[in-house]
Amino acid sequence: MDFSKERLLASGFTEKELQKLQNNIDNFGGTFETVVRDLGRRFKVTFSIVIVMCLLFTYAVFFEPMDKIISLGISLLIASILVLFIQPPMISFKCWRFLQEER
C-alpha cells in the first residue's frame with residue numbers, strides 16, 4: 001500500500017492536513033502509514049462511541065422520565081463534544097476512508 005504524500009493528496013487530503021500529520025510524525029516519530037492506520041482505527045472507535053451514545057439517548061426518550069432525558073441529553077452532548085475535540089474528526093475520517101479504498 002502506498003502512503004506517499006502524493007497518494008494521500010489524490011485521495012482527498014489537503015496540504016494543511018498533511019502538514020498536521022507531518023508535524024505529528026516530527027514530534028512523536030513514525031511514518032505516514034502508522035499515523036494513517038492509527039487515525040483510521042481511532043475513527044472507528046469514536047464512531048462506535050457516538051453511535052452507542054445516540055442509542056442510549058433514544059432508549060431514554062422512550063423509557064425514562066423527562067428529567068432523566070434532559071440530564072442525559074446534556075451529559076451526552078458534553079461527552080460527544082469532548083470525544084470529538086480530543087481526536088480530529090475530519091482527518092481521521094479521511095484516513096479511515098483512505099484505508100477502505102485500499103482494501
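This is a predicted model: local features need pLDDT of at least 70, side-chain atom pairs count only at pLDDT 80 or more; totals for chains, interfaces and linings use all residues.
**Entry 1: helix α2**

Buried means under 20% relative accessible area, exposed means over 50%, and partly exposed is in between (1.4 Å probe, protein chains only). Helices are DSSP runs (H or I, at least four residues), numbered from the N terminus.

α2 has 14 residues and should span 20 Å at 1.5 Å a residue; its end C-alpha atoms are 20 Å apart, which agrees. The expected span is 1.5 Å times one less than the number of residues. After α2 comes Gly29, with a positive phi near 85 degrees.

**Entry 2: Lys20**

Lys20 is in helix α2. Its relative accessible area is 48%, so I wrote it down as partly exposed.

**Entry 3: α2 against α3**

I then took the axes of α2 (residues 15–28) and α3. They come within 10 Å and cross at roughly 110 degrees. That makes α2 roughly perpendicular to α3. Angles of 65 to 115 degrees count as roughly perpendicular, under 35 as roughly parallel, over 145 as roughly antiparallel, and the rest as oblique. Axes are lines fitted to C-alpha atoms, for helices over the stretch in contact, and angles run from 0 to 180 degrees between N-to-C directions.

Which residues make the contact? From α2 I listed Leu18, Leu21, Gln22, Asn24 and Ile25, and from α3 Phe32, Val35 and Leu39. Contact means heavy atoms within 4.5 Å. These residues divide into six nonpolar, two polar and no charged. Ala, Val, Leu, Ile, Met, Phe, Trp, Tyr, Cys and Pro count as nonpolar, Asp, Glu, Lys and Arg as charged, and the others, Gly among them, as polar.

The axes of α3 (residues 32–63) and α5 (residues 89–102) come within 7 Å and cross at roughly 105 degrees. That makes α3 roughly perpendicular to α5. The residues of this contact divide into 10 nonpolar, two polar and two charged.

Next I picked Ser92, in helix α5. Is it buried or exposed? Ser92 counts as buried, at 0% relative accessibility. Neighbours within four places in sequence aside, Ser92 is in contact with Leu39, Gly40, Phe43 and Gln87.

**Entry 4: helix α4**

In α4 (residues 66–86), the buried residues I found are Ile69, Leu76 and Ser80. They cover an arc of only 40 degrees around the axis, which puts them on the same side of α4. The cover over them includes α3. The face turned away carries the exposed residues Asp67, Ile74, Ile81, Phe85 and Ile86.

**Entry 5: ground rules**

Residues are numbered from 1 along each chain as its sequence is written, and side-chain values use heavy atoms, with hydrogens and water left out. Local features need pLDDT of at least 70 and side-chain atom pairs count only at pLDDT 80 or more, while totals for chains, interfaces and linings use all residues.

Methods. Helices (H or I, at least four residues) and strands (E, at least two) are DSSP runs, numbered from the N terminus. The arc is that of the directions from the helix axis to the C-beta atoms.
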